[in-house]
Amino acid sequence: MDRDLLRQALGCHGPALLSLLRTEQRDNPDFRGLLPPGGPSPESLRGGPHPPAARKERRIDNIEIQHFIAKKADLLFALSWKPNASADLESNEENEDYYAVMPPLEQFMEVPSEDRRELFFRDIERGDVVIGRISSIREFGFFMVLICLGSGVIREISQLEITALCPLRDVPSHSSHGDPLSYYQTGDIIQAAIKDIDRYHEKLTVSLHSSALPPNLANTKLGVISSEELPLHYRRSVEVASTSETYEKVLHHSLGFANPSVVEFLLGKLGLSESSPPSLMRGLQSKNFNEEDFAFALRKKQSASWALKCVKIGVDYFKVGRHVEAMNEYNKALEIDAQNVEALVARGALYATKESLNKAIDDFEVALENCPTHRNARKYLCQTLVERGGQLEEEDKLLNAESYYKKALTLDETFKEAEDALLKLHKHMQVILYFLLTLFIKIQALIKTVGSGKLFTGYCVLFL
Amino acid sequence: MERKAPTTWKWLWVHHDGAAFAVQSRLHPGTGHRGPSGGLSLKLVHGEGSRRRGLLTGWQCGTMEPDGASSDQTEPRSAENKTHFKVTRFIMEAGVKLGLRPIPVATACTIYHRFFQATVAPAPYDPYLVAMAALYLAGKVEEQHLRTRDIINVSHRYLHPQSEPLELDSHFWELRDSIVQCELLMLRVLGFRVSFQHPHKYLLHYLLSLKQWTNRHSWERTPVSAAAWALLQDSYHGGLCLRYLPQHVAVAVLHLALQCYGAEVPAHTEAERPWWEVFSEDLTKAQIDQIVLDLIQIYTLDAEIS
């Protein structure tokens, strides 16, 4: 439970809310700690005294709202609702195509300049990007008048005549010698990063070094920019100042407003979740939803069940020997659920019966991948591997056959047939090897004898 | 036309030139308004001429009772509101479970509300079937197409918790048929006007503008966006979408969210124009208060039902 938020709400609505909260949230353990029965008097944290007249005027509507706040307080002030901070860290580019980029709100509200100035100096932070025009160049640096902001908060400051100083040491040099300031002229538009703020004296120091930028904005170009590179919100605000269009008109005229995915984009920008939307209804808290009730999970379960029915029908066909219909059923089952283990095993068995051993092996392997504990899949796979090995042995592809037998053994060490077949194969191979070896020795001897010129002895050696 | 139709006839479609089709629906006895387990399979069984399904033009849907039969509006009205509340709750929960984005869910709720606004009360349509068809239609309208199989699965599970998914039998196909037929009915009732402007876009842009204007730390501390978004989505339980303009609803929701946290728009009193007037020129404070009260009413209805 967020104490500061609660205090802020109490400060606005007054002691009536406090008593309502106590009655509604009596059973909530989080609140008991925050609101001791004696009750602290709600302090207003927002600075400045409320004019009592304004408070009284709101009081009549407020009762309903206060009831509402009191009832929903455990949801409203829950810590899990903090906006996603990482949304801010994404680049601050104003992409007109994705959403409607609007001029600053205070321009439409027509806030007086003193307040705008005050709020600007309250809210500006180090590392913010500002854009201004050089007003004068001195030997210790240059002064610029700010026209708009490039990151952080977006404000309308062009009429406020805020000046900032960029000292000499913060101007990167463009040539190896000479005065770095000579590169700049009065009237140039400069994009710079705020380095230092003196809020009381309303003095700003900026820098043109990228080290002054925060890490997420490190790619921003600092230095001279052209008027086309001025941010879109500023150009819009200049247009609005001349045409005095309303907020709504600007919104409707923006191309980005008509973007079909504007909602998704802005949800991301504001840090709101799409898949588990926040709700103030007690029954709609999405964290209470069971994973099994979701469409994806239900579909999987249903597909598995439907596929199983087809497999059963197929097996019945198989038992009476109608292999074609059985294959059709298995294929149908696999169309419904491509990873269905039973269907794969059944189809593999059918292939094996029809002597398409390679296809059978493929099916069994996929089945075993999906469900490594399936006994039948393992058993049939081993049997088919051994059978295939036997076929290969007859074709004299002995090494291939050996690999199949070995594979069968790795799958199931206790598989007697595989072991026997492997032993037999090895014996077979030994015989061949022995034969080859003796042949080799004989040839060696022959070469020796031929080399030494004794042909007759050579022939004898060969025929031995 | 007979005054009291036989019990199996549930809907009576009357063509504007007087030809009448009666549509048979089969409801399992005793399920009352329970959803698709009863199902409403529409079969055109009786027609003049040779018009069968598919060639319907200019239909008006109505009930058996002649107009003005029910004099007492308040009792059935509040019972109706409760039903609509429960069914829109179902739409929103199903929307999450089907992975629907916020806008299609809002469209589905609006279609549902408009349908029941357009039909004479008490309407004999099964509200859950209408809701399922609304979801299907909204998915098509907002380009996030849903499969009827998924809708049926989620709804069946919602209405019969912990049950097994349906088998591929005639019951399943009938349900699917019902949804498709109901969708056509809804389109006709709404005059094929099923594309709406929702407050969501407006609210998000307002939030973005407001975010730029407030101090970034107080914005991060105060979850105004989450609260406003929650309020907006919850508002679809009632018929706010039918009565007010989208911009007005967005502003009212934002206003309530700010009030909940005691947050204020900076320089609100010093500005020439208040912020809500900036967002929507023809909006007055009184209208905002009315919308906020309506919204709070929806939440009290929630408390009554649960």
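**View 1. Residues 307–340 of chain A are 79% helix and 0% strand, with their end C-alpha atoms 7 Å apart.** Helices here are DSSP runs (H or I, at least four residues), as are strands (E, at least two), each numbered from the N terminus. This is a predicted model: local features need pLDDT of at least 70, side-chain atom pairs count only at pLDDT 80 or more, and totals for chains, interfaces and linings use all residues. Residues are numbered from 1 along each chain as its sequence is written, chains are lettered from A and ligands numbered from 1 in the order in which they are written, and side-chain values use heavy atoms, with hydrogens and water left out.

**View 2. Move along chain A to residues 341–374, and the chain is 79% helix and 0% strand.** The end C-alpha atoms of this stretch are 8 Å apart.

View 3. L439(A) is partly exposed, with a relative accessible area of 36% (buried is under 20%, exposed over 50%, partly exposed in between, with a 1.4 Å probe and protein chains only). L439(A) also belongs to a nonpolar surface patch of about 640 Å², together with V431(A), I432(A), F435(A), L436(A), I443(A) and I447(A). A patch like this joins nonpolar side chains within 5 Å, from residues with over 30% relative accessible area and no salt bridge (a Lys or Arg side-chain nitrogen within 4 Å of an Asp or Glu carboxyl oxygen).

**View 4. Over in chain B, helix α3 covers residues 127–141.** Its 15 residues should span 21 Å at 1.5 Å a residue, and the end C-alpha atoms, 20 Å apart, agree with that; the sum is 1.5 Å times one less than the number of residues. Since 13 of those 15 residues are buried, α3(B) is largely enclosed by the rest of the structure. After α3(B) comes E143(B), with a positive phi near 60°.

**View 5. Next up is helix α4 of chain B, residues 148–159.** From first C-alpha to last, α4(B) reaches 16 Å, close to the 16 Å expected for 12 residues. It is largely enclosed by the rest of the structure, because 11 of its 12 residues are buried. Among the buried ones are R149(B), D150(B), H156(B) and R157(B).

**View 6. Zoom out, and chain B shows 12 helices and four strands.** Of its 306 residues, 58% are buried.

Definitions and conventions
Patches are made of residues with over 30% relative accessible area and no salt bridge: like charges are joined within 9 Å, nonpolar side chains (Val, Leu, Ile, Met, Phe, Trp, Tyr) within 5 Å. Accessible areas come from the Shrake-Rupley method with a 1.4 Å probe; for residues, only the protein chains shown count as cover.
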